[in-house]
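Here is a short briefing for a first look at this structure. Keep the sequence and the 3D view open while reading.

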Amino acid sequence: MQKAIIIGASGYTGAELARILTQHPKFTLTGLYVSNQSQDAHKALADIYPQLKHIVNLSLQPLPENLTTLAQQNDLVFLATAHEVSHNLAPIFLQHHCKVFDLSGAFRVNDMQFYTDYYGFEHQYPELLQQAVYGLAEWNDKQIKQTNLVAVAGCYPTVSQLSLKPLIEHHLLDLNQLPIINAISGVSGAGRKASLTTSFCEVSFNAYGIFNHRHQPEIATHLGTEVIFTPHLGNFKRGILATITAKLKVGITDEQIQAAYQQYYANKPLVRLYQQGLPSIKAVEFTPYCDIGFVTKNGYIIIIGAEDNLLKGAAAQAVQCANIRYGLPETLGLI
């Protein structure tokens, strides 16, 4: 059994990680941690999330100032923390041979300027950016098996890339016309911290981060092509639905598109391909799946991708990456 801890465990993603790891047959959850300033310190996680009563029986502990013992006593750590916090914590755990699965954006792109431009801090660890493996589990499994630092892919980038990568890799798209990604997320994607702009009663359905959202360069970097990405916030709790429009190369058929998806995802059980109908948030919420379907007409394709932003877009994919790193079945503890 591998000993695991979660830092940032009081947030929505941290709670999902705790639920999954508590019931995982090969990982033992030994501790839940929050910052020293957190109002949730010393509270039982199940008191904050009543649905976890009799499932997760651990309390949230303030993170000790000296992390050496914590790193030495555990095999892996899940960082469900802010980007600049993960940036500072990851090197300490790695130094003591504790594997890091970071759910923030702190190590997702190997470009120092990216963090200054989009995350507002100056990255101090160029060597770790080079070592980090991008945690898009279906595509980077071979690299994930070899690394001690996994930068778990973002929620919007996961569904966007899983939907587009097979078509790009098979050269089915005319990339002279940029793919257009319109994606809507539930309010849980904004985190648990109170904010008027993400208050459930204040949210209707609105676009944000137009042309400057930090997930756009993450998507473009790992797809290898520029995209136009517009995120939206909807007045529902969880899930992401992405509607992606792209131009096909001349003569590309539905059969070629279907074959490309089948080739890449036939043995990837957490991606479900639709032969008929189209994905929906209802079909994926509270599950670790990404669902993909498409329709073509007049040389264009519209791809619909759906996932639960807290699971396949965060916690479930992090555990999927951990399974891969330890040579376990990808879906262990998830389905």
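The model is predicted. Start with L17: leaving aside neighbours within four places in sequence, this residue is in contact with I6, F78, A80, L103, A315, A318 and V319.

**Nonpolar cores**

- The largest nonpolar core has 43 residues.
- Which members touch the most other members of this core? They are I6, L17, L32, L45, L76 and F78.
- Several elements each supply at least two residues of this core, among them strand 1 (2-7), helix 1 (12-22), strand 2 (27-34) and helix 2 (45-48).
- Strand 4 (76-79), strand 7 (149-152) and helix 12 (311-325) also each supply at least two.
- Helix 12 gives the most to this core: nine residues.
- Another core, of 34 residues, lies apart from the largest one. Its members include A153, L167, L173 and I292.

- Strand 1 and strand 2 run parallel and are joined by six bridges.
- Which residue of strand 2 is the bridge partner of I6? It is L32. Both I6 and L32 are among the residues that touch the most other members of the largest core.

- Strand 11 and strand 14 pair in the antiparallel sense over eight bridges. In strand 14, A306 is the bridge partner of L241.
- Strand 13 (residues 290-297) and strand 14 also run antiparallel, joined by eight bridges. Here D291 stands opposite A306 in strand 14.
- A306 therefore has L241 as a bridge partner and D291 opposite, under the rule that two strands pair if DSSP finds at least two bridges between them.
- The hairpin of strand 13 and strand 14 has two residues between the strands. In this hairpin, N298 takes a positive phi near 55°.
- Strand 14 (residues 300-307) is mostly covered, with six of its eight residues buried.

**A look at I244**

- I244 sits in strand 11 (residues 240-247).
- Is I244 buried or exposed? I244 is buried, because its relative accessible area is 0% and buried means under 20%.
- Leaving aside neighbours within four places in sequence, I244 is in contact with S160, S163, L164, I180, I181, I301, I302 and I303.
- I244 and A18 are 226 residues apart along the chain, and their C-alpha atoms are separated by 33 Å.

**Salt bridges**

- How many salt bridges are there? The count comes to ten.
- R19 and E16 form one of them, at 2.9 Å from N to O. The two residues are three apart in helix 1, so about one helical turn separates them.
- R19 is partly exposed, at 27% relative accessibility, whereas E16 is buried, at 11%.
- R238 and D308 form another, at 2.8 Å from N to O. R238 is in the loop between strand 10 (228-234) and strand 11, and D308 is in the loop between strand 14 and helix 12. This pair links distant parts of the chain, 70 residues apart.
- R238 is buried, with a relative accessible area of 10%. D308 is buried too, with 0%.
- E16, R19, R238 and D308 are linked in a network of salt bridges.
- E330 and K268 also meet in a salt bridge, at 3.6 Å from N to O. E330 lies in the segment after helix 12 and K268 in the loop between helix 10 (254-265) and strand 12 (271-273), so the pair ties together parts that are 62 residues apart in sequence.
- E330 is buried, with a relative accessible area of 14%, and K268 counts as buried at 13%.

Methods:
Residues are numbered from 1 along each chain as its sequence is written. This is a predicted model: local features need pLDDT of at least 70, side-chain atom pairs count only at pLDDT 80 or more; totals for chains, interfaces and linings use all residues. Side-chain values use heavy atoms; hydrogens and water are left out. A nonpolar core is a set of buried Ala, Val, Leu, Ile, Met, Phe, Trp, Tyr and Cys residues joined through side-chain atoms within 4.5 Å. Buried means under 20% relative accessible area, exposed over 50%, partly exposed in between (1.4 Å probe, protein chains only). Helices (H or I, at least four residues) and strands (E, at least two) are DSSP runs, numbered from the N terminus. Contact means heavy atoms within 4.5 Å. A salt bridge is a side-chain nitrogen of Lys or Arg within 4 Å of a carboxyl oxygen of Asp or Glu.
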